[in-house]
Amino acid sequence: MTDKSQSLADQVRAGDRRALAKAITLVESTREDHREEASTLLEALMPYSGDSIRLGISGAPGAGKSTFIEVFGNHIIEQGHSVAVLAVDPSSAVTGGSILGDKTRMETLAFAEKAFVRPSPAGKTLGGVTRRTRESMLICEAAGFDVILVETVGVGQSETAVADMADMFLLLLSPSGGDELQGIKRGIMELADLVLVNKADGDQSAAAAQTQSDYRSAIHFMKSRFDHWQPPVMTCSALKNQGIEDVWDKVTEFSLALSAKGQLAKLRAQQSKAWMWSETAESLIADLKADPNVKNLVPDLEAAVLEGTLPATIAAQRLVESYKK
Ligand SMILES: Nc1nc2c(ncn2[C@@H]2O[C@H](COP(=O)(O)OP(=O)(O)OP(=O)(O)O)[C@@H](O)[C@H]2O)c(=O)[nH]1
Ligand SMILES: [Mg+2]
C-alpha cells in the first residue's frame, strides 16, 4: 500500500469531502497508473463499506427522477441519515451530460451538508460507467453515507446494471392516460421492487391513480425478485412533496425484511460474484484487443464477417486462438 493511497483512504473515512471527490475521480480515471492506485484505495476502504441502503432509481426521461431525488434525499436527511447520489447515465455520452441540468434540479440537496451528489462521467461506455459507479458506491459508504441512491435514465440496459448493484430497485413512472404499460419492457418491470407513479397532482391525479391500478394488476402476474416481497405500486408528487414519506417508509420496510431473512447478505454476495466475472470478462477483452497479433487479424476478420463470407463464430475462434498463442 502506498502512503498516498493510505492517506487518501484515511481522509475519505474521516469524512473529508474533497478527498471523497478525489477518490471517485481516481477510480473513474482510465490511466493505467491510476487504476493501480485506485485498486489499493479500494482495498483499503472495502472493510468499511457495505453499511448502507443501496437504492437504484430508474425512470424514462422526464419522469421526474431529479425532482424526486431532491425531495426524497432531503426527507432522508431529515430522518437523520446521510445520502449520496450517484448517476449511471448512458445518455450523457450523447447529450454531453444531462446531469449538469440535474445538478441545478437538486439544488438544495447538492449543497446539503449530509448529502453528496456526484454526476456521472460523460462519454464512457455503459460498462465503464457502471464499473466506476459500483466502486464509487463503496467509497461513499466508507465515507459514512448510509443511503446510496444510484440514478439511471430508463433507456433499457442500464436498469439491469443498476439493479445488479442495488439492494432495491425503484421504478419511477409518469401517469399515462391509456391502459397500456408505457412501453416499459417486461424485463424491467420484473426488476422493480417498488413502482412509483410520480406527478400524482393537479389534473394528473386521476391518470396517476389509473396508472397505479394498471400496474398493480400487471405486477400481480409477474415473478417478484424476492420470495418475501410483493412489489408495491404507489403514487407521489415530487413537485408538491406529497407521498415522499410513504416511499421512504416502504424502503426501510423492504430493507428490514430483506436483512431479517438473511437475503440481503445473500444478494450482495451474489452481486459481488457476478461483478468479479464481469470484471474478468472486461479485462480479458481489453487485453485481447490490445494484443498485436489480434490487432493484425481484426480488420480482415471484421470485413469478412460484415460481407457475410465468414461466420462470426469462426472469426471469434480465430481471434481467441491467435490471442492464446
Ligand atoms: N406536475 C408534476 N411535475 C413534475 C413532478 N416531478 C417532476 N415534474 C416535472 O417534470 C419535468 C421533468 O422532471 P425531472 O425531474 O427533470 O425529470 P427526470 O426524470 O430527472 O428527467 P431526465 O433527467 O431528463 O431523465 C420537470 O419539468 C419537472 O418540474 C411532479 O411530481 N408533478
Ligand atoms: Mg434528471
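**Exercise 1. Which helix does E141 lie in, and is E141 buried or exposed?**

Solution. This is a predicted model, so let us go through it one step at a time.

- Step 1: Find the element. E141 belongs to helix α8, which covers residues 126–142.
- Step 2: Count the neighbours. E141 has 21 C-beta neighbours inside 10 Å. A residue is called buried at 20 or more, so E141 counts as buried.
- Step 3: List the contacts. Setting aside residues within four places in sequence, E141 is in contact with S49, G50, D51, S52 and I148.
- Step 4: Look further along the chain. V12 is 129 residues away from E141 in sequence, and their C-alpha atoms are separated by 9.8 Å.

**Exercise 2. Work out where the largest nonpolar core lies and which of its members touch the most others.**

Solution. 

- Step 1: The largest nonpolar core has 70 residues, and L55, I139, I148, V150 and L196 touch the most other members.
- Step 2: Ask which domains contribute. Domain 1 (1–48) and domain 2 (50–260) both give residues to this core, so the core lies between them.
- Step 3: Zoom in on one member. Not counting residues up to four places away in sequence, V150 touches G56, I57, L86, V88, T133, M137, V162, M165 and A166.
- Step 4: In soluble globular proteins, nonpolar side chains tend to be buried together.

**Exercise 3. Describe helix α14: what is its span, and where does it bend?**

Solution. 

- Step 1: Helix α14 runs over residues 292–307, which is 16 residues.
- Step 2: From first C-alpha to last, α14 reaches 24 Å, close to the 22 Å expected at 1.5 Å a residue.
- Step 3: The helix bends by about 40° at V298, and the proline P299 follows within four residues.
- Step 4: After α14 comes G308, which has a positive phi, near 85°.

**Exercise 4. Which residues come nearest to ligand 1, and which helix gives the largest share of its shell?**

Solution. 

- Step 1: There are 18 residues around ligand 1, and G64, K65, S66, T67 and L239 come nearest.
- Step 2: Both α4 (65–78) and α6 (99–105) supply at least two residues of the shell.
- Step 3: The largest share, 3 residues, comes from α4.

**Exercise 5. Sum up the protein chain: how many helices and strands are there?**

Solution. 

- Step 1: The chain has 15 helices and 7 strands.
- Step 2: Of its 325 residues, 36% are buried.
- Step 3: Among contacts between residues at least 6 apart in sequence, 74% join residues at least 24 apart.

Notes: Residues numbered from 1 in each chain as written. Chains lettered and ligands numbered in written order. Predicted model: local features only at pLDDT ≥ 70, side-chain atom pairs only at ≥ 80, totals over all residues. Core = buried A, V, L, I, M, F, W, Y, C linked by C-beta atoms within 7 Å. Buried ≥ 20, exposed ≤ 12 C-beta atoms within 10 Å, placed from the backbone. Domains from an automatic or database assignment. Contact = placed C-beta atoms within 7 Å. Expected span 1.5 Å × (residues − 1). Bend = angle between axes of the 7 residues up to and from the residue. Near = placed C-beta within 6 Å.
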